[in-house]
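What follows is a walk through one protein structure, taken a region at a time. Please keep the sequence and the structure in view while reading.

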Amino acid sequence: MDLKIKKGLDLPLSGAVTDSVVRQVPAARVAVIPDDFPGFVPKVDVKEGETVQAGQPLMHHKQEPAVRLVSPVSGTVTAVVRGERRKVLRVEVEASGNGAPLRFATESLTDASTVTMALAESGLLAMMRQRPYDIVPSPHVLPRDIFVTAFDSAPLAHNVAAGTDKVAALTAAVKLLGNLTKGKIYISRRDSGSCPDIPGAEMVNVSGPHPAGLVGVQIANIRPVNKGQTVWTMNLDTLCKVGIFATTGVVDHTALVAVTGSEVRHPYLAQTTVGVCLDALLSGQLKTDGGKNMRIISGNVLTGVKETISGFLHYPYSQVTVIPEGDDVDEFMGWASLSPKKMSVSPSYPGHWFRKLFSPDARTLGGRRAMIMSGEYDRYIPMDIMAEYLLKAINSGNIDAMERLGIYEVAPEDFALAEYADSSKQPLQEIVRRGLDGLRKEME
């Protein structure tokens with residue numbers, strides 16, 4: 001199947017990885033952050049000072065005790081960090097390098113119930129997402145179809161071709177997940193060179209600008225989700241982890257991370273562990289010329305999480321971006337400056353016409369104002385929805401309108417590019433997440 005995405009925009013940012021050499025970055029400290037897993041209500045299973053194995057549960061879901069978040073490394077629990085009203089913020093583990101990872105019995109995974117329970121208990125189910133609501137899937141609701149995106153089109157994302165060494169794991173994963181759905185397993189890729197054909201899966205060749213790599217856009221253009229239907233989604237790395245788990249019984253917690261951004265001296269690829277402390281990735285890599293303040297983002301500039309250098313890598317564990325903060329900039333005319341160094345989607349600015357790489361900072365460049373109904377969002381969301389009307393329905397709490405306008409199809413990341421280009425400076429991703437959570441609460 002061929003899919004051509006026409007709407008969207010590739011942001012021309014400087015700081016991309018240009019070297020394919022992968023550095024090994026050991027993880028001395030890691031953290032599991034429950035907020036990275038929407039819909040997961042954590043109940044902590046360990047105490048500070050306790051010794052754990054890689055793959056051992058650190059937390060479980062209060063409503064679905066079989067669904068767990070597990071330790072990426074063998075070591076010692078150093079902190080259970082809580083926030084206001086004792087909310088669990090993260091569980092930190094210091095790696096010891098000793099102790100074999102926990103091994104699961106995977107020889108008898110031949111039916112849907114045993115497969116879902118194994119995925120839930122191993123922590124792999126938490127790395128997947130369910131549409132509607134964009135949450136961790138329930139092990140009791142089987143998907144109509146399963147969608148896998150094999151490439152990342154986000155700004156500065158680095159895609160590594162899935163070589164022949166991964167075909168066996170991917171094939172095993174497709175075979176295992178085939179027990180969970182009567183529909184198809186779709187794998188979307190840029191071309192056959194980036195991901196070979198996987199037996200048992202429907203391969204989809206996708207072309208076009210970002211957000212072509214978002215699984216929500218792929219679902220909307222392949223087989224949309226309607227009310228009452230459930231699909232599961234994941235990236236290719238998670239699919240590969242499922243295959244390794246199926247063949248070995250061990251959960252693979254390695255992560256290939258692109259360290260990118262204009263404030264990184266030499267952007268590079270790091271082979272490390274999921275949830276690694278960012279200090280291990282960024283130590284000695286940041287530019288300090290001029291004493292500029294920096295915005296460290298775990299993820300990409302559109303959907304990532306703001307962190308400090310002592311923070312941790314957030315799910316989906318594939319990218320770290322560092323850009324200028326911009327709080328020390330004294331610019332003539334501010335956001336209205338016509339400097340050709342300013343990146344803009346508007347043809348009113350000279351930077352729109354220059355085909356060059358930009359180094360923008362983290363400033364909003366304008367104040368929040370009422371949503372302008374101009375059709376602006378539709379240029380960046382290649383889905384059959386009326387984005388502006390859906391957002392207004394969410395803000396007004398009109399559930400009937402939200403359902404009619406396609407809220408079951410969307411996730412916050414689908415609106416990230418439109419949020420960047422929004423002249424109203426509205427927090428679109430925050431609005432969509434609030435709408436999805438509110439709707440789920442009403443339906444349950």
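**Salt bridges, helices and a surface patch**

Arginine 29 has a relative accessible area of 31%, so this residue counts as partly exposed. The model that gives this value is predicted. Arginine 29 forms a salt bridge with glutamate 92, and the closest N and O atoms of the two are 3.4 Å apart. The pair joins distant parts of the chain: arginine 29 is in strand β3 (residues 29–32), glutamate 92 is in strand β9 (residues 88–95), and 63 residues separate them. Glutamate 92 is buried, because its relative accessibility is 9% and the limit for buried is under 20%.

Side chains of opposite charge can pair when their charged atoms come close. A search of the whole structure finds 17 salt bridges. Another of these is formed by lysine 87 and aspartate 35, with 3.1 Å between the closest N and O atoms. Here too distant parts of the chain are linked, with lysine 87 in the loop between β8 (75–82) and β9, and aspartate 35 in the loop between β3 and β4 (42–44), 52 residues apart. Lysine 87 is partly exposed at a relative accessible area of 41%, and aspartate 35 is partly exposed at 47%.

Lysine 227 and glutamate 403 also meet through their side chains in a salt bridge, at 3.2 Å from N to O. Lysine 227 is in the loop between α3 (215–222) and β14 (231–235), whereas glutamate 403 is in helix α7, 176 residues apart. With 56% relative accessibility, lysine 227 counts as exposed. Elsewhere, a network of salt bridges links Asp134, Arg433, Asp437 and Arg440.

The next topic is how helices pack. Two packed helices are described by the angle between their axes and the distance between the axes. For helix α2 (residues 164–177) and helix α4 (residues 236–248), the axes come within 7 Å and cross at roughly 85 degrees. α2 is therefore roughly perpendicular to α4. On the α2 side, the residues making the contact include Ala169, Leu170, Ala173 and Leu177. On the α4 side, they include Leu236, Leu239, Cys240 and Gly243.

Helix α6 (387–396) has as its buried residues Ala387, Glu388, Leu390, Leu391, Ala393 and Ile394. An α-helix has 3.6 residues a turn, so residues three or four places apart point the same way. The buried residues of α6 pack against α7 (399–404) and α9 (428–443). Just after α6 comes glycine 397, which takes a positive phi of about 75 degrees.

The loop between β19 (319–324) and α6 is the place of methionine 373. Methionine 373 is partly exposed, because its relative accessible area is 35%. Together with Met386 and Tyr389, Met373 makes a nonpolar surface patch of about 300 Å².

The last stop is lysine 7, in the loop between β1 (2–4) and β2 (22–24). Which residues is lysine 7 in contact with, leaving aside its neighbours within four places in sequence? They are Pro209, His210, Pro211, Asp378, Arg379, Ile381 and Pro382. Arginine 379 is 372 residues from lysine 7 in sequence, but in space the two are 5.7 Å apart, C-alpha to C-alpha. Lysine 7 counts as partly exposed because its relative accessibility is 39%.

Key:
Residues numbered from 1 in each chain as written. Predicted model: local features only at pLDDT ≥ 70, side-chain atom pairs only at ≥ 80, totals over all residues. Heavy atoms only, no water. Patch = residues over 30% accessible without salt bridge, like charges linked within 9 Å, V, L, I, M, F, W, Y side chains within 5 Å. Areas by Shrake-Rupley, 256 points an atom, 1.4 Å probe, with all protein chains shown as cover. Salt bridge = Lys/Arg side-chain N within 4 Å of Asp/Glu carboxyl O. Helix = DSSP H or I, 4+ residues; strand = E, 2+ residues; numbered from the N terminus. Buried < 20%, exposed > 50% of the residue type's maximum accessible area, 1.4 Å probe, protein only. Axes fitted to C-alpha atoms, helices over the stretch in contact; angles between N-to-C directions. Parallel < 35°, antiparallel > 145°, perpendicular 65-115°, else oblique. Contact = heavy atoms within 4.5 Å.
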